[in-house]
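Welcome, and thanks for taking a look at this one with us. Have the viewer open as you read, and we will go through a few places in the fold together.

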Amino acid sequence: MAGLFDKQAEIYQDARPNYPSHWYSMLAALTPHHDLAWDVATGNGQAALGVAEHYEQVIATDVSESQLKCGTPHPGVKYLHTPLSLSDDELATMIGDDGSVDLITVAQAVHWFYLPTFYPLVSRLLRKPGGVFAVWGYNDIEVTPTFDPVMKRFHATTLPFWNNKVQYLFDGYKTLPFPFQSVGLGCEGQPAALDIPKKLSFDGFFRMLRSWSAFTTAKEQGIDLLPQGMVKEFESAWGGSDLVRSVNYKAFMLAGKVEL
């Protein structure tokens, strides 16, 4: 999967919504210690920077070197490349001692992971008691009653080009296995519903679409998911290409701790 995001690292950085700052405050309030956090699949470091406002050190890892090169420097964030060839023991050694991590976060990515090995690693590294593990994502954007049906029809045309693991995301993480004890922010089968408001230009909207892995996959197969006719339909429904709109990304979160 790293290759898909290597090819669109700069677009990805520019196009995705910023997670609200109060999310990080909310998570930090759940952990009694704030020494060490691990942001997994950090990409360009967006979530790591938010976590770093509350924790002394954040280890931000990704399998994609291209994504990491787009990361914003921060004195409290240490970016590390973690190729898939690393063993769990090697990866754990890079992060910290067993039971030393106060918060582990995965933003818009846990659906890509091989959970039977990742979850035991989370349980191994989290501080016990007190450590919290949080995953979140978003799967829809609300613009206007005129625009939203056009978006829905377009999304249907992209379905053949998504990896089947993305189904967890499409399901709003309701079907995602999450064997951790609830801390009040969702539980297995019942993620907490959240919103991400954003001011978005028409050009920014298209950058978001082009950052989708499905767009990259279709392009490699010689298929343009955004022909001129589709672009014109979007533009009309948006209200003109110069308009900046207030949009809302529909998000969801699961947070838990290791059950002792």
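In which loop is the place of Asp102? Asp102 sits in the loop between H6 and strand S4 (103-107). Keep in mind as you go that this is a predicted model.

**Around Asp102**

Is Asp102 buried or exposed? With a relative accessible area of 1%, Asp102 is buried, because buried here means under 20%. Setting aside residues up to four places away in sequence, Asp102 touches Thr31, His33, His34, Asp35, Leu36, Tyr55, Leu126, Arg127, Gly130, Gly131 and Val132.

**Helix H6 against helix H7**

Two packed helices are described by the angle between their axes and the distance between the axes. For helix H6 (residues 88-95) and helix H7 (residues 115-125), the axes come within 11 Å and cross at roughly 35°. The crossing of H6 and H7 is right-handed. On the H6 side, the contact is made by Asp88, Asp89, Leu91, Ala92 and Ile95, and on the H7 side by Thr117, Leu121, Arg124 and Leu125. By residue class, the contact of H6 with H7 divides into 5 nonpolar, 1 polar and 3 charged.

Ala92, in helix H6, counts as buried at 1% relative accessibility. Leaving aside neighbours within four places in sequence, Ala92 is in contact with Leu121, Arg124 and Leu125. Thr93, also found in helix H6, is exposed, with a relative accessible area of 65%. If you like to check distances yourself, here are two C-alpha separations that start from these residues.

| Residue pair | Apart in sequence | C-alpha to C-alpha |
|---|---|---|
| Thr93 and Leu125 | 32 residues | 9.8 Å |
| Ala92 and Gln181 | 89 residues | 22 Å |

**The aromatic rings**

How many aromatic pairs does the count come to? The count comes to 29 aromatic pairs. One of them joins Phe206 and Phe234, an edge-to-face pair with 5.8 Å from centre to centre and 85° between the planes. Phe206 lies in helix H10 (residues 202-210) and Phe234 in helix H12 (residues 228-238), so this pair ties together parts that are 28 residues apart in sequence. Phe206 counts as buried at 4% relative accessibility, and Phe234 is buried too, with a relative accessible area of 0%. Ring pairs also link these two into a cluster with Phe147, Phe154, Trp162, Phe170, Phe202, Phe205, Trp212 and Trp238.

**Helix H11**

What about helix H11 (residues 213-220)? In this helix, 6 of the 8 residues are buried, so H11 is largely enclosed by the rest of the structure. The buried residues of H11 are Ser213, Ala214, Phe215, Thr216, Thr217 and Ala218. Just after H11, Gly222 takes a positive phi of about 80°, a backbone angle you can look up directly in your own viewer.

Methods: Residues numbered from 1 in each chain as written. Predicted model: local features only at pLDDT ≥ 70, side-chain atom pairs only at ≥ 80, totals over all residues. Heavy atoms only, no water. Phe/Tyr/Trp six-rings, centres within 6.5 Å; stacked < 30°, edge-to-face > 60°. Helix = DSSP H or I, 4+ residues; strand = E, 2+ residues; numbered from the N terminus. Buried < 20%, exposed > 50% of the residue type's maximum accessible area, 1.4 Å probe, protein only. Axes fitted to C-alpha atoms, helices over the stretch in contact; angles between N-to-C directions. Left-handed = near helix turned anticlockwise from the far one by under 90°. Contact = heavy atoms within 4.5 Å. Nonpolar A, V, L, I, M, F, W, Y, C, P; charged D, E, K, R; others polar.
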